[in-house]
Structures are given as C-alpha cells and as structure tokens.
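Student: Could we go through the ligand site of this model together, one question at a time?

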Amino acid sequence: MKTEEAIKKIIFALDVKGVNEIDRWAELLSGKVGMFKVGKELFTSCGPEAVKAVQRHGGQVFLDLKYHDIPNTVAQAMVAAAGLGVQLTNLHALGGAEMMETAANAVRKEFSEAVRPKLLAVTILTSSTVETLRQVGIEHSVPDMVVRLAKLAKESGMDGVVASPLEISLIREACGPDFLIVTPGVRPSFAAVDDQKRIMSPSDAVQAGADCLVIGRPIAKAGDPADAARLIAEEIIAGAV
Ligand code: C5P
C-alpha cells in the first residue's frame, strides 16, 4: 500500500471546542490525515462553520451526528449534511429499514454518486453491553445485533458502518468486501490507551478489514502530531501486507 493510500484511511477526531482550534489542527494535519471528524459537541457549539473551517484548509469531513428520528426528518438532515459538502455522514441503524432507505434515497436523488457523501450506519454503540440492550427490551447478544444491523443497513442502501475493531471481521464476513467499515478504538503502538477499552492497533484493524480508522488523542496529544500521523500511516502499511 502506498503512503497516500494509508493517509486516506486516517480520520482525525476533531474533539475540540472552537473554530480557532479547528484552524490550528486543520492547518497542522492537512495532507497528513485523510479526513477530520466533526462530532456532536463541536457541531452543536459551532454549527456548519466547523465544517467550513476544515474545508478552508482543504480538509475532508466526516460529519458524525448519528441521526435517529422519523424517516423524513433523518432524510432531510442527511440531505442538508450532503449540502455542506462532507464526505461521510451517519445515522443509527436502530432507526430501522424505512428510516435508512428514505435517507439513502433522498441523498441519491439530490446528489450525484460522484459528489454525495458516503452514508454510514452506527450499529450498536460500543458503550452498550448486553445489559444495556436488555434494559431496552433487546434479548440478543451485542455481536448478533451488530451483524443483524449491519446487514439491514446494507440492504437499506447504506454504504457502510461505524464499528468497534473487534466487530470488523464479523461485519466483513456478513456484508462483503465493498461495504465500508470505519472504526474508532484504535491505538498505535506508541500511544496511551486512554479510556478506550476494546482496542486494536492500526495494522491489526486494517488486517481485519477496516477501511478507515478514527483516531483522536494518539495524534492530538503527541509531542509532534504530524509525525504521529506519519507513524500511524506506517503502521497501516505494515498491516496491509
Ligand atoms: O481520542 P480517541 O482516539 O479515543 O478518539 C476516538 C474518537 O472516536 C472520539 O471522537 C470518540 O468519541 C469516537 N468514538 C469512539 N468509540 C465509539 C464511537 C466513537 O471512540 N464507539
């Protein structure tokens, strides 16, 4: 795998609070990572300006807002996200087939394949356990639910899923080679584990079948963040052979 290909697989989690900080990180890491993830906290405080700030530096955006609502509302929200020119956006697969299909169809109707964002589904949040599922009336194991929801997402027109590293192989097996798998909980060999529990190295995650890795603190907290991104790209290349 070429270096540029490995860099494209790195999604930097932009877990910051203001536009000034976005400018700083986007400038520092443009060309060193493939994409910047804008999540609920940053988007709630800065709005579309957060996306535009990354784009001003030439960066691509994963808008991680995990929509879950009635089909029409999610569809319109995803069309609005696509209108911001982001490359990835997502919803909760637990919203069901009709919600996912309506959203996927609406985005495909408004935007050509060449410009539309890829649509991802969150299956079961990695913070959920079998007990969390039982509390809401779901009597299945987490892996069973993850595979079931990943297949439903695929059948409903989603391009892929966000999943924990430990679920990559199950999903790859169930959904085939073209289904996108984006995974957080990745820790390169040089970095601290932080609060992540079920972690995997970049090389193992890529070997298991991940397409993109969401990585925050191992880059943000490094003495030299650009160099940390370079080392991660090297670890990805090692996993691809
Ligand atoms: O700093 P770190 O690499 O742990 O950041 C990972 C990013 O991915 C954070 O933005 C976190 O919210 C997100 N994430 C995660 N685990 C999930 C889903 C999202 O760590 N299951």
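Student: How far from an oxygen atom of the ligand does a backbone N or O atom of Gly 216 lie?
Tutor: This is a predicted model, in which local features need pLDDT of at least 70 and side-chain atom pairs count only at pLDDT 80 or more, while totals for chains, interfaces and linings use all residues. Residues are numbered from 1 along each chain as its sequence is written, and side-chain values use heavy atoms, with hydrogens and water left out. A polar contact is a pair of N or O atoms within 3.5 Å, and for the backbone atom of Gly 216 the distance to a ligand oxygen is 2.7 Å.

Student: What share of the area that the ligand exposes when taken alone does the protein bury?
Tutor: Accessible areas come from the Shrake-Rupley method with a 1.4 Å probe. Taken alone, the ligand exposes 460 Å², and the buried share of that is 79%.

Student: Which residue places a polar side-chain atom 2.8 Å from an oxygen atom of the ligand?
Tutor: Lys 37 has a polar side-chain atom 3.2 Å from a ligand oxygen. The side chain that reaches 2.8 Å belongs to Gln 196.

Student: Which elements each supply at least two residues of the shell around the ligand?
Tutor: Helices (H or I, at least four residues) and strands (E, at least two) are DSSP runs, numbered from the N terminus. The residues around the ligand, with a heavy atom within 4 Å of it, include Val 214, Ile 215, Arg 217 and Pro 218. The elements asked for are β8 (212–215) and α11 (217–220).

Definitions and conventions: A polar contact is a pair of N or O atoms within 3.5 Å; within protein, one must be able to donate a hydrogen and the other to accept it, and residues adjacent in sequence count only if both atoms are side-chain atoms.
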